[in-house]
Amino acid sequence: MDQSAGTLNLGVEGMMLIGTIVGFFTDYYTGSLLLAFLFAGLAGVVLSLLHAFAATSLRADQVVSGTAIWFIGWGLSGVIYRALFGNYLVPPTIGTLPHLQLPILTSIPIIGPILFGEDPVAYFILLMIIVTHYFLFHTQIGLNLRTVGEDPRTAEEMGVNPIRYRYAATMFGGFMAGIGGAYLTIAVTGTFYYDLTAGLGFIAVALIYFGKWKPLQTFLGSLVFGAVYVLFLTIQTHFQAIPYQFFAMWPYLAIVIILCGVAAKSGGPAGLAKPYEKRE
Amino acid sequence: MPIVSLRNITKAFPGIIADDQVNLDLFPREIHVIMGENGAGKTTLMNVLYGMYRPDGGEILVDGKEVKIRTPVDAQALGIGMVFQHFSLIEVFTVLENFAIGRRGGKLALNLSNLQSKVEQAEREYGLSVSLDRKVRELSIAEKQKAEILKVLFMGARVLILDEPTSMLTPQEASALFKSLRAFKDQGKSVVLITHKLYEILEVADRVTVLRKGRVVLESARDKVTPAILAEATMGRSLSAGEYPRHIMETKGALTVKDLSVMGDRGEDAVSSATFEVRRGEILGIAGIAGNGQRELVEALVGLRKAGSGSVQLEGQELAGKTVRKRMRLGLRYVPEDRKRRGVAVDLPLTHNAVMRDHWLVPFEHNRLLNFKAIKEFAGKIISDFGVVCSSESSQAASLSGGNLQKFIVGRELLRPTQYIVAENPTAGLDMAATDYVRRALIDHRNAGNGIILVSGDLDELITMSDRIIVIYRGRTSSPIIRAEFDKLKIGALMLGQASQSISPVQ
C-alpha cells in the first residue's frame with residue numbers, strides 16, 4: 001500500500017518491533033487482546049508518521065529515513081521492555097492466542113486443522129489481503145493512490161492530493177506493521193525478546209517486490225517464504241551437530257535468490273522513493 | 001470579449017525574471033501562438049495561467065472577472081486545460097483509467113463502464129478516437145497526445161494550451177493535429193500553442209505573440225507577419241542566411257555499416273541488418289520516430305552496446321569488439337542526446353569535463369600525471385571558440401544553460417582529432433540561436449572533410465543539414481535518399497512505415 005503510493009518504507013521492521021513490545025505489555029497489563037493489537041497498531045502509526053514526515057514533507061532520502069526508523073523501533077522496544085519489566089531471569093509470559101476450534105470442520109483429518117485450526121488473527125490477515133486487493137484495484141481511492149505512486153504531479157492535476165495520500169498510506173502500513181509485530185508476541189511466542197522480528201519486516205518489503213506490488217501475489221510469496229522457513233526448521237532438528245544459524249539463514253537466502261530472478265525485471269510504481277516537490 | 005486576459009503578469013525565479021509585466025488576451029474561436037526562445041518565459045506564463053506557478057504580480061481575468069488560480073484544479077474549474085510535453089498520463093493504466101483518476105461523487109467502487117459511455121460521447125463530439133482499453137504505454141506518442149487532449153477537453157476545457165505539441169510528431173501526425181485544433185476552434189474553443197517552429201505558426205495561427213526575455217516584443221494577427229519579422233522578434237536580430245554554406249567534397253574514405261543487428265534492453269531485435277555508409281565530407285541523416293532503434297544503433301556504433309552481428313568498418317578497420325576508447329582513438333566520436341547524464345559529469349568543473357575522454361593523452365597527460373595547465377588551456381579554447389557563456393573554466397558543468405552546455409560538448413568533440421562524429425539529437429531543447437550555432441559547427445566540420453552521422457527526431461533539421469538521409473523504422477534502415485530528392489512527406493511516410501517500396505535505391 002505504502003509503495004503503491006510511492007513511499008518506500010524500510011522502517012517496517014522498526015514498526016513491527018515497536019508492535020512486539022507494545023502488544024506484549026498491553027496484553028500483559030490489561031489482558032485485552034483487542035487493546036493489545038490496537039495499541040500495537042497505533043505505536044506503528046506513530047513511527048510511520050515520523051517516516052511520512054521525513055519522506056514526504058521534508059523530502060528526505062527514504063532509505064535513510066526507513067533505516068533510522070528501524071533503529072528507533074529496535075532500540076525503543078528494548079528500552080521499554082527494560083523499563084517495564086527490568087531484567088528477569090525467567091521472562092514474563094502471556095498466554096498465546098487460542099487456536100480456532102470449530103466443531104466438525106477442525107476435526108476433518110489433515111486439512112481440518114490446517115484450514116480451520118488457526119488463530120483468529122490469521123483469518124483477519126487473509127481478509128485484509130482480499131480487502132487490500134479490492135481497495136487498490138477496484139475502488140476510486142485505490143486508483144487515486146496508485147496514481148500518486150506513479151506520478152504525483154499528474155495526481156495533483158487530477159485533483160488528488162499526493163501528500164495526503166502518501167501520509168495515509170504510510171500510516172496504514174505502520175498500523176499493519178504494528179499489528180504484525182504484536183502478532184509475534186501475542187500469538188506465536190507468548191513472550192518478548194530482543195529483535196524478535198529477525199528481519200521479517202525487511203522480508204515483507206522484499207515480498208512486495210516478489211509480488212510485483214499486488215497483494216495477492218505478495219501473499220503467495222509469503223507462503224513460499226513460510227514453506228522454506230518451516231522446511232529448514234525441520235531439517236535443523238535432524239542435524240543437531242550443525243549450528244542452527246546455518247539453517248536459519250536459508251529462508252532469507254532463498255528470498256535473495258528468488259528476487260534476483262523475479263524482481264530484476266519487474267517494474268514498480270514509477271514514483272517509488274522519489275519525493276514529490278511542488279513547483280512554485 | 002476575451003475568455004482569458006492576463007494583465008501585467010510578473011513571475012521571478014531566483015536570479016531571473018521569467019515574465020515581466022506580460023499582457024495577453026485569449027479569444028474564443030482563435031488559435032493563438034506564443035513563440036520565443038528557450039527561457040523567454042512562454043511556458044512559465046502558461047504555467048501561471050494553469051495554476052502550476054503563483055505569479056508575483058499582475059492579475060488574471062476570466063470572462064472579464066478577476067480570478068485567483070492557485071492549483072491546476074482551479075484552472076480546470078475555470079475551463080483552462082493544458083497539455084504538457086510530458087503527458088499527464090499514467091503509463092501502466094489504461095486510457096480509460098486515466099480518465100477516472102480523481103473523480104468525485106461516485107461510489108467507493110470504480111464504475112468504469114458508466115465513464116466509458118461518457119468518454120465515447122466526448123470522442124464523437126471532438127472527433128478524436130482513442131482506444132480506451134489499451135494501456136497508455138502501448139500507445140504511440142501521437143496516440144498518447146490524442147488521449148491527453150481528449151482528457152483535457154473532457155474535463156471541460158474552453159481554453160486548450162499545448163506546450164510544443166509537434167516536437168515528437170511526424171509531418172503527417174502534425175497536420176492531423178492541426179486539423180483537430182482547427183475543429184476545436186470552430187467549436188468555439190480558444191487554442192494556445194507554445195512553439196518555436198516558424199512554419200507551424202504560419203500554418204495554423206490566427207494570432208501570434210512573441211516573447212523575448214520575459215517581455216512581449218510582438219503581438220500581431222497572422223497575416224501581418226512574415227518569417228523574417230518573427231525570427232527577428234524572437235532572437236532580437238535577423239536570422240543568419242537560411243542555407244548553410246556547403247563545399248562539395250571528394251570522397252576519401254567511409255564508415256561502413258553492414259548487416260548490423262543489435263539487441264534492445266529487453267532482448268528484442270532493436271536494429272535488424274542495418275546497412276549504410278557515411279563518407280568523409282558528408283552528413284548522413286538518420287530519420288525516424290523515437291524508439292525505432294536509433295538509440296541502440298548509436299550505442300552499437302560508438303561501442304556502448306554490443307552488436308549482435310554484422311560489421312562496422314572505419315576506413316577498413318573493423319570496429320566490432322573494440323571499446324569506446326579504441327574507437328575514439330581511431331577517430332570516431334560521439335555527441336550524446338542526454339547531455340547531463342552522458343555528455344558531462346554535472347558536478348565537475350568544465351576543465352575536468354573538457355578532457356573527460358582524453359585525460360590520458362598528451363598534452364593532458366604528463367609523466368603519468370594530469371597537466372592542469374594544458375587542460376585549462378583546452379577548456380578555455382572550447383569556451384572561446386564556441387562562444388560558451390559561463391563565468392570561468394572552473395564553473396561546474398551544472399551551472400551552464402542547456403544551449404551553452406551543448407556548445408561546450410560539441411566543441412569538446414570537434415576540437416579533438418576526429419574524422420567521424422555521431423551526433424544524437426544535437427539541438428533537442430535548444431533555442432534558435434544555440435541551434436543555429438551547433439548546426440553551423442557541424443556543417444563546418446563536414447566542410448573540413450569529416451563524416452557526420454546525424455540522428456534526429458526533427459525532420460526539418462535533417463533536411464536542412466544532411467547530404468543524404470536514411471530512415472529507420474522498427475530497426476530497419478531504408479536506402480539512402482539524396483539531397484536533391486528530399487521530400488518531407490515521402491520521408492514522413494517512411495518514418496511511419498508506409499510505402500517503403502516507393503522510394504527507389506539511389507546511390
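## Helix packing in chain A: α5 and α10

In chain A, the axes of helix α5 (residues 120-138) and helix α10 (residues 215-238) come within 8 Å and cross at roughly 150°. Since angles over 145 degrees count as roughly antiparallel, α5(A) and α10(A) are therefore roughly antiparallel to each other. This description, like the rest of the report, concerns a predicted model.

The residues that meet in this pair are A:Ile129, A:Thr132, A:His133 and A:Leu136 on the side of α5(A), and A:Pro215, A:Leu216 and A:Phe219 on the side of α10(A). Sorted by class, the contact of α5(A) with α10(A) comprises five nonpolar and two polar residues, with no charged residues.

## Helix packing in chain A: α1 and α2

Helix α1 (residues 12-30) and helix α2 (residues 33-57) of chain A also have axes that come within 8 Å, crossing at roughly 150°. That angle makes α1(A) roughly antiparallel to α2(A), and the crossing in which α1(A) passes α2(A) is right-handed.

On α1(A), the residues in this contact include A:Gly14, A:Ile18, A:Gly19, A:Val22 and A:Gly23, while those on α2(A) include A:Leu33, A:Phe37, A:Ala40, A:Gly44 and A:Leu47. By class, the contact of α1(A) with α2(A) has 11 nonpolar, seven polar and one charged residues.

## Chain A as a whole

The secondary structure of chain A consists of 12 helices and zero strands, so that its pattern read along the sequence is α-α-α-α-α-α-α-α-α-α-α-α. Of its 280 residues, 41% count as buried. Among the contacts in chain A between residues at least 6 apart in sequence, 73% join residues that are at least 24 apart.

## The sheet of chain B

In chain B, six strands form an open sheet in the order β6-β7-β8-β3-β9-β10, and the pairing within this sheet is mixed. The edges are formed by β6 (80-83) and β10 (215-221) of chain B, each of which pairs on one side only. On average, and with direction ignored, neighbouring strands of this sheet are turned by 20° against each other.

Strand β7 (residues 159-163) of chain B runs parallel to strand β8 (residues 190-195) of chain B and is joined to it by five bridges, with B:Leu162 standing opposite B:Leu193 in β8(B). Strands β3(B) and β8(B) pair in the parallel sense over six bridges, and here B:Val33 stands opposite B:Leu193 in β8(B). The pairing of β3(B) with β9(B) is likewise in the parallel sense, over four bridges, and it places B:His32 opposite B:Arg207 in β9(B).

## Covering of the sheet

Strand β3(B) is mostly covered, with five of its six residues buried. Helix α8 (residues 227-235) of chain B lies across β3 (30-35), β9 (207-212) and β10 of chain B, and this helix runs at about 30° to β9(B).

## The interface between the chains

Between the two chains, 17 residues of chain B are in contact with 18 residues of chain A. On the side of chain B that touches chain A, α2 (72-77) and α3 (95-100) of chain B each supply at least two residues. The residues of that side of chain B divide into 11 nonpolar, three polar and three charged.

Terms used
Residues numbered from 1 in each chain as written. Chains lettered and ligands numbered in written order. Predicted model: local features only at pLDDT ≥ 70, side-chain atom pairs only at ≥ 80, totals over all residues. Contact = placed C-beta atoms within 7 Å. Nonpolar A, V, L, I, M, F, W, Y, C, P; charged D, E, K, R; others polar. Pairing = 2+ DSSP bridges. Axes fitted to C-alpha atoms, helices over the stretch in contact; angles between N-to-C directions. Buried ≥ 20, exposed ≤ 12 C-beta atoms within 10 Å, placed from the backbone. Parallel < 35°, antiparallel > 145°, perpendicular 65-115°, else oblique. Left-handed = near helix turned anticlockwise from the far one by under 90°.
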